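Colleague: Could you walk me through this model, please? I would like to start with the overall picture and then go residue by residue.

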Amino acid sequence: MTFLHWTFDPAVIQAFLPSPFEVDVRDDRAWVSMTLFVMSGFRLGPLPGVPGMSTFPETNLRTYVRGPDGHDGIWFFSLEAASLPLVVGASMLYGVPYKWADMDVTTTGETVRYRSHRRHDPSVGHDVSVRIGEHRPEESPIDDWLTGRWRAYTTVRGRPAAVPVDHPPWPMADVTVLDLDESLFRAAGLPAVGPPIHARYSPGVDVRLGLIRRV
């Protein structure tokens, strides 16, 4: 999993958030992140994973918010996934903006390349290459703020709701962005961005999502 981060004027991001969500800030800036990863061993509760459908690439474009309950969490601008069942099921269950995409992740030595384009609009996607660096023995405060989020917010029939998220701390490594070609920001209506101001790589953790609930 690769985390790429940018900052914005909080007012710019607040304009995209429905009431009563408020943008969460650090150092007086709003943060938007692109997370590129491979979902491995995906399954529903105690059910076994389905061969050919439980491992697939995904890319999320997200920001950080405060919900009406006062807790911090994640708000998604878009979620690209190469699994049609996930796209359909999660969109219906969680009300989040999943997009079905043709995606590919390749690893050559310490270099990882993430490629994607939406099936219904191939002009929207990304081609990102990174080189993995040294492991970081301790999690920094900014990494904890950006990745230690325990709920994702959404709206269901116009009402705010939250999905609990549970996972151990992400083991982190430095990462160098070699190439970045993306159109996800434009598709979401966000301003164009240059190179990320903060980037990390993680070999991954086990993640569990709970049942959606109103807040």
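**Overall picture**

Modeller: Happy to: of the 215 residues in the protein chain, 44% are buried, where buried means under 20% relative accessible area, exposed over 50% and partly exposed in between (1.4 Å probe, protein chains only). This is a predicted model, in which local features need pLDDT of at least 70 and side-chain atom pairs count only at pLDDT 80 or more, while totals for chains, interfaces and linings use all residues. Residues are numbered from 1 along each chain as its sequence is written, and side-chain values use heavy atoms, with hydrogens and water left out.

Colleague: How many helices and strands are there in the protein chain?

Modeller: I take these from DSSP runs, numbered from the N terminus: helices are H or I of at least four residues, strands are E of at least two. On that basis the protein chain has four helices and 15 strands.

Colleague: Why is the protein chain described as being as compact as a globular protein of that length?

Modeller: The radius of gyration is taken over C-alpha atoms, and the globule rule is 2.2 Å times the number of residues to the power 0.38. For 215 residues the rule gives 17 Å, and the protein chain comes close to this, so it is as compact as a globular protein of that length, with a radius of gyration of 16 Å.

Colleague: Is Val-112 buried or exposed?

Modeller: Val-112 lies in strand 8 (residues 111-118). Contact means heavy atoms within 4.5 Å, and beyond four places away in sequence Val-112 touches residues including Val-105, Val-128, Ile-132 and Tyr-201. At 4% relative accessibility, Val-112 counts as buried.

Colleague: How far apart in space are Met-1 and Phe-37, C-alpha to C-alpha?

Modeller: Met-1 sits in the segment before strand 1 (2-8) and is buried, with a relative accessible area of 15%. Among the residues that Met-1 touches are Phe-37, Tyr-114 and Trp-170. Met-1 and Phe-37 are 36 residues apart in sequence, yet their C-alpha to C-alpha distance is 4.2 Å.

**Backbone**

Colleague: Which peptide bond is cis, with omega near 10°?

Modeller: Most residues other than glycine have a negative phi, and most peptide bonds are trans. Look at the loop between helix 1 (10-14) and strand 2 (22-23), where Pro-20 lies. The cis bond is the one from Ser-19 to Pro-20.

Colleague: And what is phi of Arg-157?

Modeller: Arg-157 lies in the loop between strand 10 (151-156) and strand 11 (159-166), and it counts as exposed at 77% relative accessibility. Phi of Arg-157 is positive, in a residue other than glycine, and is near 50°.

Colleague: Is Asp-28 buried or exposed?

Modeller: Asp-28 is in the loop between strand 3 (25-26) and strand 4. Its phi is positive too, near 65°. With 66% relative accessibility, Asp-28 counts as exposed.
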